[in-house]
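Hi everyone, thanks for making time.

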Amino acid sequence: MDIDDGVTPARMRAVLGTFTTGVVVVTAMGERPLGFTCQTFASLSLEPPLISFSPARTSTTWPHIRELGRFTINVLAHDQSELSERFAAAGIDRFAGVDWAPGPSGGPVLAGVSAWVDCELEAEYEGGDHTIVVGAVRSLERSPGRHPLIFYRGHYAPSEHWDSWPRIGN
Ligand SMILES: Cc1cc2nc3c(=O)[nH]c(=O)nc-3n(C[C@H](O)[C@H](O)[C@H](O)COP(=O)(O)O)c2cc1C
């Protein structure tokens with residue numbers, strides 16, 4: 001089937017931005033802590049336990065994390081949109097002033113995240129101007145009572161509405 005002329009990157013962004021996601025920061029510990037913001041995260045398989053996400057081919061951080069072969073997925077909470085922006089920004093020390101502790105693999109677990117997932121790199125596939133990374137889950141944890149950060153059409157969902165949602169328990 002031919003591709004319609006109207007299928008431009010701008011239209012892809014506008015239309016596919018209606019698909020709502022959470023936001024994660026993928027981190028790892030090399031000579032210094034590494035991390036970048038990512039919304040293409042997904043749970044992939046239960047047995048074996050696998051997750052996936054898609055770094056852009058232009059990502060400067062992913063090649064370093066790939067070389068380390070281990071990384072930590074940090075699921076951001078509703079009040080962490082600043083961290084999302086910080087870990088997407090260029091030309092700054094992304095970890096400056098950020099509170100974190102090493103996870104089981106040494107990958108930074110950012111303070112206050114709603115969950116973290118420690119992974120080993122399992123596979124990487126072609127995906128146009130991105131690649132599809134598959135991670136084998138080695139350990140994971142969630143924080144009770146932390147609501148998620150939600151990203152929709154280029155914006156973060158306002159977090160004050162969470163007060164009317166049921167609290168997430170254990
Ligand atoms: C909410 C949000 C979601 C993002 N999702 C992705 C993503 O799924 N894949 C990706 O490669 N970049 C994504 N980015 C952009 C990267 O975080 C950004 O390009 C960053 O500069 C990459 O840094 P790097 O060059 O150090 O790898 C996202 C940014 C934001 C704010």
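Let's start with Arg57, which is partly exposed, with a relative accessible area of 46%. Keep in mind that this is a predicted model. What does the side chain of Arg57 meet in a salt bridge? That would be Glu126, at 2.8 Å from N to O. The two sit in distant parts of the chain, 69 residues apart: Glu126 is in strand S9, residues 115–127, and Arg57 is in the loop between S5 and helix H2. Glu126 counts as exposed because its relative accessibility is 67%, and the cut-off for that word is over 50%.

In total, the count comes to 4 salt bridges. As background, side chains of opposite charge can pair when their charged atoms come close.

Is His147 buried or exposed? At 1% relative accessibility, His147 counts as buried. Its C-alpha atom is 21 Å from that of Gly17, which is 130 residues away along the chain.

Next, the pockets. The largest pocket has a volume of about 1,300 Å³. It has 37 lining residues, and those nearest its centre are Arg13, Gln39, Thr40, Ser54 and His130. Which element gives the most to that lining? It's H1, with 4 residues. Strand S1, strand S3, helix H3 and S11 each supply at least two. By class, the lining splits into 17 nonpolar, 15 polar and 5 charged residues.

The second largest pocket holds about 230 Å³ of space. Its lining is 14 residues, with Arg32, Leu34, Thr61, Ile92 and Arg94 nearest the centre. This time S3 has the largest share, 3 residues. The classes there are 6 nonpolar, 5 polar and 3 charged.

Back to H1, this time for the surface. Met12 is in that helix, residues 9–16, and at 42% relative accessibility it counts as partly exposed. Together with Val7, Val15 and Leu16, Met12 makes a nonpolar surface patch of about 350 Å².

Most residues other than glycine have a negative phi, and most peptide bonds are trans. Arg153 isn't a glycine, yet it has a positive phi of about 50 degrees. You'll find Arg153 in the loop between S11 and strand S12 (155–156), and it is exposed, with a relative accessible area of 51%. Then there's the peptide bond from Glu47 to Pro48, which is cis, with omega near 5 degrees. Pro48 is in the loop between strand S4 (42–45) and strand S5 (50–53).

That's my tour, and I'm happy to go back to any part of it.

Terms used. Residues are numbered from 1 along each chain as its sequence is written. This is a predicted model: local features need pLDDT of at least 70, side-chain atom pairs count only at pLDDT 80 or more; totals for chains, interfaces and linings use all residues. Side-chain values use heavy atoms; hydrogens and water are left out. Patches are made of residues with over 30% relative accessible area and no salt bridge: like charges are joined within 9 Å, nonpolar side chains (Val, Leu, Ile, Met, Phe, Trp, Tyr) within 5 Å. Accessible areas come from the Shrake-Rupley method with a 1.4 Å probe; for residues, only the protein chains shown count as cover. Buried means under 20% relative accessible area, exposed over 50%, partly exposed in between (1.4 Å probe, protein chains only). On a 1 Å grid over the protein atoms alone, a cavity is a set of points where a 1.4 Å probe fits but cannot get out, and a pocket is an open set with protein on both sides within 12 Å along at least five of seven lines; lining residues have an atom within 4 Å of a point. Grid points are joined across faces, edges and corners, and a volume is the space filled by probe spheres set on the points. Ala, Val, Leu, Ile, Met, Phe, Trp, Tyr, Cys and Pro count as nonpolar, Asp, Glu, Lys and Arg as charged, and the others, Gly among them, as polar.
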